[in-house]
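Here is a short briefing to read alongside the model. Please keep the sequence and the 3D view open as you go.

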Amino acid sequence: MQVQVVDYQSPNAPEQFVKSLRETGFGVLTNHPIKQEIVESIYTNWYNFFMSDEKESFAYDPKTQDGYFAPEISETAKGHTKKDIKEYYHVYPWGRIPQSLKDEIMAYYQLASDLAAELLDWVEKYSPTDVAAKYSEALSNMIKDTPNTLLRVLHYPPLNGDEEPGAIRAAAHEDINLLTILPAANEPGLQVKLKDGTWSDVPCDFGNLIINIGDMLQEASSGYFPSTSHRVINPTGKASSKSRISLPLFLHPRDEVILSERHTQRSYLDERLKELGVM
Ligand SMILES: O=C(O)CCC(=O)C(=O)O
Ligand SMILES: [Fe+2]
């Protein structure tokens, strides 16, 4: 099955959407409540931030993980040796945020978090009874008042030809969190790995909202909902000279939320950050 594009306003949207998540780890929504204007404005304003020297005064703090991650310290995906070709900024409500960008990005953070709670209710409603019985609390409750949800503003710079051979914008990886909410980026490149092992472009019409499952939902659902590998491939031709901006919101439960017999959100997250080499 390919990733389904679902009209958020259609009566059977919840069922269709959850089916796509179950089959592919991804679902795409159109006609959803997040206005394209705010997404576009964020892309423009943060592009300007990444082009400025101001970013250097927000260098990330390894203890708290908020702030600016320069290309030199950017992630190496689990199981890979080459760093991704990207720089990014981690926005947390309690973290450092450039003053001029704060109101807008926090408005988006709230909007997307509210929508995410609704989507988690959809997931719960269409979880089989035996799977839902193992959720330690309602999925949408797991993110209630959480300080851990992370909004990452990503900038993939234009390629200039001196990239390390084999490095790509984002090497194949799975997300760590419960669910990821991602407005379509301003340029294509996002691909998902299908069950048969082939890579497929995620429908990326500007205005689409892409949602995918992370490892924590896979853990909490005993594998019923798959955390699927995805990647961002390098552009070719004229597109190589363009920046790509994207804006994933990674939904994380509160620290103490029990995901499974093995893990709370905190024990799971710490394990993964160490593997990524950023902690
Ligand atoms: O930039 C994108 O489209 C996806 C980014 C992503 O998968 C991630 O940061 O985890
Ligand atoms: Fe990802």
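Predicted model: local features only at pLDDT ≥ 70, side-chain atom pairs only at ≥ 80, totals over all residues.

Residues are numbered from 1 along each chain as its sequence is written, and chains are lettered from A and ligands numbered from 1 in the order in which they are written.

**Around ligand 1**

- Ligand 1 is surrounded by Arg152, Leu154, Ala170, Asp175, Leu182, Ala185, Leu190, His230, Val232, Ser246 and Pro248 (a residue is near a molecule if its C-beta atom, placed from the backbone, lies within 6 Å of it).
- By class, the shell holds seven nonpolar, two polar and two charged residues (Ala, Val, Leu, Ile, Met, Phe, Trp, Tyr, Cys and Pro count as nonpolar, Asp, Glu, Lys and Arg as charged, and the others, Gly among them, as polar).

**Leu154, a shell residue in a strand**

- Leu154 belongs to strand β5, which spans residues 150-156.
- Leu154 counts as buried because it has 23 C-beta neighbours inside 10 Å (buried takes 20 or more other C-beta atoms within 10 Å, exposed 12 or fewer, and partly exposed lies in between, with C-beta atoms placed from the backbone).
- Beyond its neighbours within four places in sequence, Leu154 is in contact with Lys86, Tyr88, Ile245 and Ser246 (contact means C-beta atoms, placed from the backbone, within 7 Å).
- Trp46 is 108 residues from Leu154 in sequence, yet their C-alpha atoms are 8.9 Å apart.

**Strand pairing**

- β4 and β5 run antiparallel and are joined by five bridges (strands pair if DSSP finds at least two bridges between them), with Glu87 opposite His155 in β5.
- On β4 (residues 87-91), four of the five residues are buried.
- β4 is also joined to strand β3 (residues 67-69), again antiparallel, by three bridges, and Gly67 has His90 as its bridge partner in β4.
- Two bridges join β6 to β11 (residues 230-232), and Ala170 has Val232 as its bridge partner in β11.

**The nonpolar core**

- The largest nonpolar core has 67 residues, and those touching the most other members are Ala116, Val153, Leu179, Ile181, Val202, Ile210 and Ile211 (a core is a set of buried Ala, Val, Leu, Ile, Met, Phe, Trp, Tyr and Cys residues joined through C-beta atoms within 7 Å).
- Helix α3 (residues 99-125) gives the most to this core, with eight residues.
- Apart from neighbours within four places in sequence, Ile210 is in contact with Phe26, Val28, Leu182, Ala184 and Val202.

**Gly25, a buried loop residue**

- Gly25 sits in the loop between α1 (13-24) and β2 (26-30), and is buried because 26 other C-beta atoms lie within 10 Å.
- Not counting residues up to four places away in sequence, Gly25 touches Val192, Asn212, Ile213, Pro226, Ser227 and Thr228.
- Gly25 and Ile213 are 188 residues apart in sequence and 5.3 Å apart in space, C-alpha to C-alpha.

How values were computed: Contact = placed C-beta atoms within 7 Å.
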